Amino acid sequence: MKRSRRKQVIPGFGISMGVTLTLLSLIVLIPMASLVINASGVGFSTFWETVTDKRVLSGYYVSLLCSFTAAVVNAVFGVILAWVLVRYDFPFKRFIDGLIELPFALPTAVAGIALTNLYSDKGMIGQFLDQIGIKVAYTRIGIIIAMIFIGIPFVVRTIQPVLEDLDSQYEEAANVLGASKAKIFFRIIFPEIRPALLTGFGLAFARALGEYGSVVFIAGNMPFKTEIAPLLIMGKLEQFDYHGANAIALVMLAFAFLILFAINSLQIHYSKFTKQ
Amino acid sequence: MNKTNKKESKLVRNLLILLSIIFLFIMLVMPLVVVLSEALQKGFKLYIDAIQDKYTMKALLLTVEATVFAVIVNTVFGLFAAWSITKYHFKRKRLLTVLIDIPFAISPIIAGLVFILTFGRIGWAKEILDFLDMKIVFAVPGIILGTIFVTFPFISREIIPVLQAQGNDQEEAAAIMGASAFRIFRKVTFPQIKWAFLYGIVLCTARAMGEFGAVSVLSGHLRGKTVTLPLQVEILYSEFNFTAAFAVSSVLVILAIIILIIRNIIEHQMKKAGGNYVRKAS
């Protein structure tokens, strides 16, 4: 982090940067480096064996499948909720707007046991679903429900400010020219909110992929069926297999960064597309 | 617009509002109702007993302790980092902001794991800790460190966009007139970021108090020693003591609702004060 040639106008560069970098290194960078330091001591064949174990592979699969599905559901409902909250007026709107943030404020373990109770075959919602043959608790549907819960504010809160700032003149022009409501939405509004939607989708996806607290109770944790990747790491830690946990964690990190990278690339692609 | 079109859009409007309310009711309100109804299911006396349990009280104290530490450390970091990033010119600024956001992108389980790999049985810093006769993993310092880690970017992330929107003209003018960095911060910058800073503290508190994954990895679940409130919920639940688990949960639900109300008040103040603050997901 070199100081650029231009002299700083505001004094205090050294001490501010010093405190920032020291704390960042102590809390985040040095501990994160341990992931790499330890992994390099193990050897590639052991690493490969751990991360390609059948049970581990199925853990990645369940995690990716469920978090992707949850992020898609959140993208759809996130757009609807943001739209309703920005464009319409109705009673208790401010209350509902504040409620969106609940998953950020509610401890994940509490959300986890509440959802499990709600969707078990004797629960308030689960008993009705059970009658029509749908089991939610201790299945992948349950995992997806928990992931929808924790992801919804990400999508709503990234789209809302964009919708609020949207210039209405194009909509009005389209309306005057006789375009239908649906056409106005998909041709004019949707391209405007697409970057924010992608960001929200990516955040919800990445968060769901790493989520533990709210998922672990409702998942049931059956190997090959409802065992998610963070739980595999936890399992390895409980057996004091630190190297195994390390290997699975590195692959999960790679997935998380790939998602963020893919979202970033998509955004660059679309921004080129719209600027032409 | 002709009449049928108007009717249609009213129908669409009502349908969308109804859909949103049903979704929020099932996904967000029902879980809260379940917590409260299950907690009170066996009467008010049992509820009070469950909350006043010795281990629950100790867990509450530990949760408060970890949250206070997280807020203090992240306040220091958040102010310095936001100030450094917005007030100075230096290379690799973008890299620095990405590094600060790391705790945001990774699973809380991995957040706990990195401290195990650093300070635990096979950790490279284990010998240093032994020499100092200190324990981090499966002890209170580990819980505090894990909590600080997962909430690390919370405060700086709220302040940076506000400072970027404000620009540096006033600070530079003050500097040219000879004010010290601290004086510029206190007199010029802080009044601008007051609400964003408070907002960051509220978000940090909410996350710190509810953190489960990272703390669960680092705790070792020693009852009365390294168990926070969310872990206490887990222990009670896994012992099939559901009423007590939901009673302890209800305390956390009440705290969460208080935090949401404070958050809304601050947001209202921010809109009144500046208006150019952009709300975003955190």
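This is a predicted model: local features need pLDDT of at least 70, side-chain atom pairs count only at pLDDT 80 or more; totals for chains, interfaces and linings use all residues.
Where in chain B is the place of Arg92(B)? Arg92(B) sits in the loop between helix 3 (54–87) and helix 4 (93–100) of chain B.

Staying with Arg92(B), its phi is positive, about 60°, although the residue is not a glycine. Arg92(B) counts as exposed because its relative accessibility is 56%, and the cut-off for exposed is over 50%.

Now chain B as a whole. The chain has 14 helices and 0 strands. Its C-alpha trace spans about 80 × 65 × 30 Å along the principal axes. Of the 282 residues in chain B, 55% are buried. If you take the contacts in chain B with a separation of 6 or more, 72% of them are between residues 24 or more positions apart.

Next, the interface. In chain B, 97 residues are in contact with 95 residues of chain A. The two chains bury about 8,600 Å² between them, and 78% of that is on carbon and sulfur atoms. On the polar side, the rule finds 14 residue pairs in polar contact across the interface, both residues at pLDDT 80 or more. Helix 1 (residues 3–39) of chain B supplies the largest share of the side that touches chain A, at 22 residues.

How many salt bridges does the rule find across the interface of chain B and chain A? The count is 1. Arg263(B) forms a salt bridge with Glu101(A), and the closest N and O atoms are 3.0 Å apart.

Last, helix 8 of chain A, residues 140–165. What about the end-to-end length? At 1.5 Å a residue, the 26 residues should span 38 Å, and the end C-alpha atoms are 38 Å apart, so the two agree. Helix 8 is also mostly covered, with 21 of its 26 residues buried.

Conventions. Residues are numbered from 1 along each chain as its sequence is written. Chains are lettered from A and ligands numbered from 1 in the order in which they are written. Side-chain values use heavy atoms; hydrogens and water are left out. Helices (H or I, at least four residues) and strands (E, at least two) are DSSP runs, numbered from the N terminus. The expected span of a helix is 1.5 Å times one less than its number of residues. Buried means under 20% relative accessible area, exposed over 50%, partly exposed in between (1.4 Å probe, protein chains only). Contact means heavy atoms within 4.5 Å. Buried area is the accessible area (1.4 Å probe) that two parts lose on being put together, summed over both. A salt bridge is a side-chain nitrogen of Lys or Arg within 4 Å of a carboxyl oxygen of Asp or Glu. A polar contact is a pair of N or O atoms within 3.5 Å; within protein, one must be able to donate a hydrogen and the other to accept it, and residues adjacent in sequence count only if both atoms are side-chain atoms.
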